[in-house]
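These are my notebook entries on a single structure. I set down what I looked up, in the order in which I looked.

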Amino acid sequence: MFADVRLDWPDCGNARDLGGTPTRDGGRVRAGALIRSDSHARMTAASVGVLRGHGPGLILDLRWIRECDSAPSPFAADPVYRNVPLLPDPMDYEVPDHTYVPMLDHNGERVARAVHEIAIAPPGAVVIHCHSGRDRTGFLVALLLGVAGVDTDVIAADFARTPGTDPAAMRDTLAHADARYGGVVPYLLLHGVPPAEITVIRHRLLEP
């Protein structure tokens with residue numbers, strides 16, 4: 001279905017390039033455009049050098065501020081680093097195991113801010129991570145793949161490549177986005193993402 005491009009990043013156990021992921025219209029996500037991983041807090045200087053070799057234009061850390069304080073990113077002072085917590089702290093709702101629908105419905109403004117940071121970032125790889133690289137990262141990456149025109153089943157299958165995930169949970173979430181908002185793009189537009197930024201992200205993610 002797609003290339004399984006796992007990245008050999010020392011001190012990261014869940015890093016992969018989404019390059020090669022197919023879209024509905026026969027296109028593909030560009031190699032090196034979108035990378036997802038777990039936390040960078042354990043990275044050594046050698047590991048940091050490996051990541052820098054991918055030429056990041058943005059390192060988007062979705063963790064809470066308290067997580068960043070207790071386990072700082074080695075890129076925290078870097079111009080390409082942004083911390084955009086994707087969830088409220090403390091959480092004021094529950095996310096059941098079988099769906100991320102509450103995360104979708106309760107975090108539109110936070111999602112819009114993360115998408116904005118991607119749209120305005122300088123050229124280079126977009127590297128997204130949280131703590132384990134599973135829920136928050138998986139959720140935002142799923143929305144970005146939706147913007148790129150990737151089919152729901154393909155998004156769910158990619159999500160399932162992370163240990164401990166249930167592809168049905170992502171399919172349910174994206175089905176809810178379709179039913180309640182008309183799809184991922186209308187959801188983002190509703191929460192303040194300008195149409196021009198949607199276009200920028202598509203161009204950023206897809207092969208020419």
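Helix packing around H5

I began with H5 and H6, which are roughly antiparallel to each other. The model is a predicted one, and I read every value below with that in mind. I looked up the angle behind this description: the axes of H5 and helix H6 (residues 152-159) cross at roughly 150° and come within 10 Å. Angles over 145 degrees count as roughly antiparallel, so the description follows. I noted also that H5 passes H6 in a right-handed crossing.

I then asked which residues of H5 meet H6. On the H5 side I found Gly138, Val141, Ala142, Leu145 and Gly146, and on the H6 side Ile155, Asp158 and Phe159. Sorted by class, this contact of H5 with H6 has 5 nonpolar, 2 polar and 1 charged residues.

Entry on H5 and H7

I turned next to helix H7 (residues 167-181) and helix H5 (residues 135-148), whose axes come within 11 Å and cross at roughly 50°. H5 and H7 are therefore oblique to each other. I recorded the crossing of H5 and H7 as right-handed.

For the residues in contact, I listed Gly138, Phe139, Ala142 and Leu143 from H5, which meet Met170, Thr173 and Leu174 from H7. The contact of H5 with H7 contains 5 nonpolar and 2 polar residues, and no charged ones. Looking back, I saw that Gly138 and Ala142 are also among the H5 residues that meet H6.

Entry on H4 and H5

I looked up helix H4 (residues 108-120) as well, and found that H4 and H5 pack at an angle of about 65° with their axes 11 Å apart. The crossing in which H4 passes H5 is right-handed. What does H4 bring to the contact with H5? I found Val111, Ala114, Val115 and Ile118 in H4, which meet Phe139, Leu140, Leu143 and Leu144 in H5. By class, I counted 8 nonpolar residues in the contact of H4 with H5, with no polar and no charged ones.

Entry on the largest pocket

I then searched for the largest pocket and recorded a volume of about 230 Å³. It is lined by 15 residues, and those that lie nearest its centre are Pro96, Asp97, Tyr100, Arg134 and Asp135. The lining of this pocket divides into 8 nonpolar, 3 polar and 4 charged residues.

Entry on the backbone

Last, I looked up two backbone details in loops. Where is the cis peptide bond? I found that it joins Asp89 and Pro90, with omega at about 5°. Pro90 is placed in the loop between strand S5 (81-83) and helix H3 (101-106).

The other detail concerns Asp11, which has a positive phi of about 75° although it is not a glycine. I located Asp11 in the loop between strand S1 (5-6) and strand S2 (16-17).

Note on methods. Residues numbered from 1 in each chain as written. Predicted model: local features only at pLDDT ≥ 70, side-chain atom pairs only at ≥ 80, totals over all residues. Heavy atoms only, no water. Axes fitted to C-alpha atoms, helices over the stretch in contact; angles between N-to-C directions. Helix = DSSP H or I, 4+ residues; strand = E, 2+ residues; numbered from the N terminus. Parallel < 35°, antiparallel > 145°, perpendicular 65-115°, else oblique. Left-handed = near helix turned anticlockwise from the far one by under 90°. Contact = heavy atoms within 4.5 Å. Nonpolar A, V, L, I, M, F, W, Y, C, P; charged D, E, K, R; others polar. 1 Å grid on protein atoms, 1.4 Å probe; cavity = no way out; pocket = protein on both sides within 12 Å on 5 of 7 lines; lining within 4 Å. Points joined across faces, edges and corners; volume = space filled by probe spheres on them.
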